[in-house]
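Biologist: Please put the model up, and I will ask about it piece by piece.

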Amino acid sequence: MLAGIKKAAEIIRKHRGDLVEIISHMDADGVCAAAIMSRALDRENVEHRVKFVRMLYRDVVEKLDPAPLTIFTDLGSSQLENLRQSYRSARVIICDHHPPQRVDGLEGLVHLNAYEMGMDGLKEISGAGMAFLLARELNRKNSDLSALAVIGAIGDIQNAWGKLSGSNREILNEGMRAKVLDRRIDLQLYGRYTKPLFQSLESFSDPPIEGVTNSSAGCMELIRSLGIPVKGENGWRRLADLSEHERRMLATELISRALSSVPEEFIPYVPNLIVGECYTILGEDENSELRDAGEFATCLNSTARHEQPLIGLEVAKGDRGAYYRAMLNLLHHHRRAIARGMEFIETEGLKVGDGGYLQYFDATGVVKETFVGTLASLSLGSRVADPYKPVVGTVREGGMAKVSARCSKLLFLRGLDLAAAIKEAAEEVGGEGGGHPIASGAQVEEERISEFLHSLEQNILRQL
Ligand SMILES: [Mn+2]
């Protein structure tokens with residue numbers, strides 16, 4: 001395992017005089033991976049530029065030109081065949097955690113892949129984590145970049161089991177030693193430092209809890225019934241303001257309500273989705289949306305969804321000035337665009353597949369294709385969806401349908417792998433697809449979309 005990393009570090013040092021190109025995945029983990037690599041190259045005085053792509057689809061790779069050295073982060077391993085078109089004899093380093101293709105003929109490739117190094121790329125290390133291993137080999141000082149590796153892992157939901165494990169855990173420990181990270185056991189609510197507690201509770205939907213999910217009145221009632229003051233000296237209290245005792249009461253109540261809300265087969269997964277480890281970025285302000293690793297990941301994700309990942313990159317690299325303000329602005333627009341999209345879905349409802357299992361919507365003309373995934377996730381937690389079935393959203397554009405699929409962590413923990421299901425279904429109709437087990441995407445020809453949906457539903461049913 002170390003041999004490959006050492007070799008990659010040496011290659012980077014040899015390219016000190018060249019313009020190196022980093023190509024990364026356009027999501028939170030990919031932004032973190034690129035930020036780690038870029039900070040590491042800055043430290044070594046290696047000139048470089050960063051580019052983000054959604055996926056290395058054939059038409060995307062065709063437009064890429066090999067640099068003297070190209071470093072792919074958080075993608076590449078699953079698309080070696082596509083890469084071979086343009087990078088056959090080019091100098092390439094891949095740092096990735098997706099399942100690798102086996103392909104010959106990439107002569108200049110140093111392939112750092114989680115699976116090939118004996119790690120589970122689904123839960124033990126992310127793309128940012130892989131980039132971190134290389135960065136730390138380049139320079140011990142890069143230990144301080146461990147916070148980004150943890151944010152990347154959380155962006156890819158590698159904490160779905162209640163805590164980080166494997167290499168992620170080692171990186172976390174390294175970050176705690178470097179005093180950039182801290183961890184504690186807490187409720188897995190969004191907005192720990194930034195939202196009133198009742199709002200954090202209301203938006204909690206995985207698992208769905210009756211009388212809490214989507215119900216501000218219910219949440220207020222719950223908080224009051226436990227004798228927890230909703231307001232403090234500084235206005236609405238946040239999760240971060242609660243005492244240990246208050247948190248424990250709330251956790252017990254939420255778990256017991258969730259256990260009686262979910263179908264029996266999901267019961268074993270409930271406690272770890274409600275209470276688990278959370279990670280604090282120690283260098284960030286107490287009231288900042290960057291203080292909690294999960295919220296930091298959401299911020300970066302919104303820059304990627306707006307196709308402005310370079311803004312996220314600068315924030316991840318440490319900017320708290322113009323780029324940070326631009327990111328907050330994007331986040332604001334993001335929420336508005338998503339709210340419009342949700343209005344559409346709540347009015348139109350979701351269609352159900354022939355097998356009665358897949359739920360889907362067509363948002364052509366309503367939102368940009370890059371928002372469909374977020375809409376699909378949010379619709380899972382809305383009143384119109386069955387939270388125990390996957391949701392698929394499409395946007396048609398120029399003869400192609402861009403597809404995003406999402407399922408709950410509950411379904412994933414039960415064994416559903418949407419990435420595999422969507423890849424197979426897309427390929428059956430001549431398209432391409434892939435991604436993560438709970439969040440994946442594809443592009444297929446517009447006229448084959450119903451055929452694709454049918455086979456996707458069949459694949460999912462077969463898995464369960
Ligand atoms: Mn990733």
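Predicted model: local features only at pLDDT ≥ 70, side-chain atom pairs only at ≥ 80, totals over all residues.

Biologist: Which residue of β3 is the bridge partner of Ser24?
Modeller: Strand β1 (residues 20-25) and β3 run parallel and are joined by five bridges. Within β3, the residue that bridges to Ser24 is Thr73.

Biologist: Which residue in β4 is the bridge partner of Phe72?
Modeller: β3 and β4 also run parallel, with four bridges between them. Ile71 stands opposite Ile93 in β4. For Phe72, the bridge partner in β4 is Ile94.

Biologist: Are helix α2 (residues 28-43) and helix α5 (residues 127-138) roughly parallel or roughly antiparallel?
Modeller: The two axes come within 8 Å and cross at roughly 10 degrees. Angles under 35 degrees count as roughly parallel, and those over 145 as roughly antiparallel. α2 and α5 are therefore roughly parallel.

Biologist: How many nonpolar residues does the contact of α2 with α5 have?
Modeller: From α2, the residues in the contact are Asp29, Gly30, Cys32, Ala33, Ile36, Met37 and Ala40, and from α5 they are Gly127, Ala128, Ala131, Phe132, Ala135 and Leu138. By class, two residues of this contact are polar and one is charged. The number of nonpolar residues is ten.

Biologist: Is Gln101 buried, partly exposed or exposed?
Modeller: Gln101 is found in the loop between β4 (92-96) and β5 (109-113). It has 15 other C-beta atoms within 10 Å. Being buried takes 20 or more and being exposed 12 or fewer, so Gln101 counts as partly exposed.

Biologist: Which residues is Gln101 in contact with, leaving aside its neighbours within four places in sequence?
Modeller: Asp120 lies 19 residues away in sequence and 15 Å away in space, C-alpha to C-alpha. The residues in contact with Gln101, with those sequence neighbours left aside, are Ser77, Ser78, Gln79, Leu80 and Glu81.

Biologist: Which strands stand at the edges of the sheet of six strands?
Modeller: This open sheet has mixed pairing and the order β10-β11-β12-β13-β15-β14. Each edge strand has a single partner strand, so one side of it is left without a neighbour in the sheet. The edge strands are β10 (351-352) and β14 (432-435).

Biologist: Which residue in β12 does Tyr360 stand opposite?
Modeller: Strand β11 (residues 359-362) and strand β12 (residues 391-397) pair in the parallel sense over four bridges. The residue opposite Tyr360 is Val392.

Biologist: What covers the buried residues of α17?
Modeller: Helix α17 (residues 418-428) lies across β13 (400-406), β14 and β15 (439-445), and runs at about 175 degrees to β14. Its buried residues are Leu418, Ala419, Ala421, Ile422, Lys423, Ala425 and Ala426. The covering elements include β13, β14, β15 and α18 (449-463).

Biologist: Which residue with a positive phi follows α17?
Modeller: The phi of this residue is near 80 degrees. The residue is Gly430.

Biologist: What is the radius of gyration of the protein chain?
Modeller: The chain has 18 helices and 15 strands. For its 464 residues the globule rule gives 23 Å, and the chain comes close to that, so it is as compact as a globular protein of that length. The radius of gyration is 22 Å.

Biologist: What share of the residues of the protein chain counts as buried?
Modeller: The C-alpha atoms fill a box of roughly 65 × 55 × 40 Å along the principal axes. Of the contacts with a separation of 6 or more, 63% are between residues 24 or more positions apart. The buried share of the 464 residues is 52%.

Notes
Residues numbered from 1 in each chain as written. Helix = DSSP H or I, 4+ residues; strand = E, 2+ residues; numbered from the N terminus. Contact = placed C-beta atoms within 7 Å. Pairing = 2+ DSSP bridges. Axes fitted to C-alpha atoms, helices over the stretch in contact; angles between N-to-C directions. Parallel < 35°, antiparallel > 145°, perpendicular 65-115°, else oblique. Nonpolar A, V, L, I, M, F, W, Y, C, P; charged D, E, K, R; others polar. Rg over C-alpha atoms; globule rule 2.2 N^0.38 Å.
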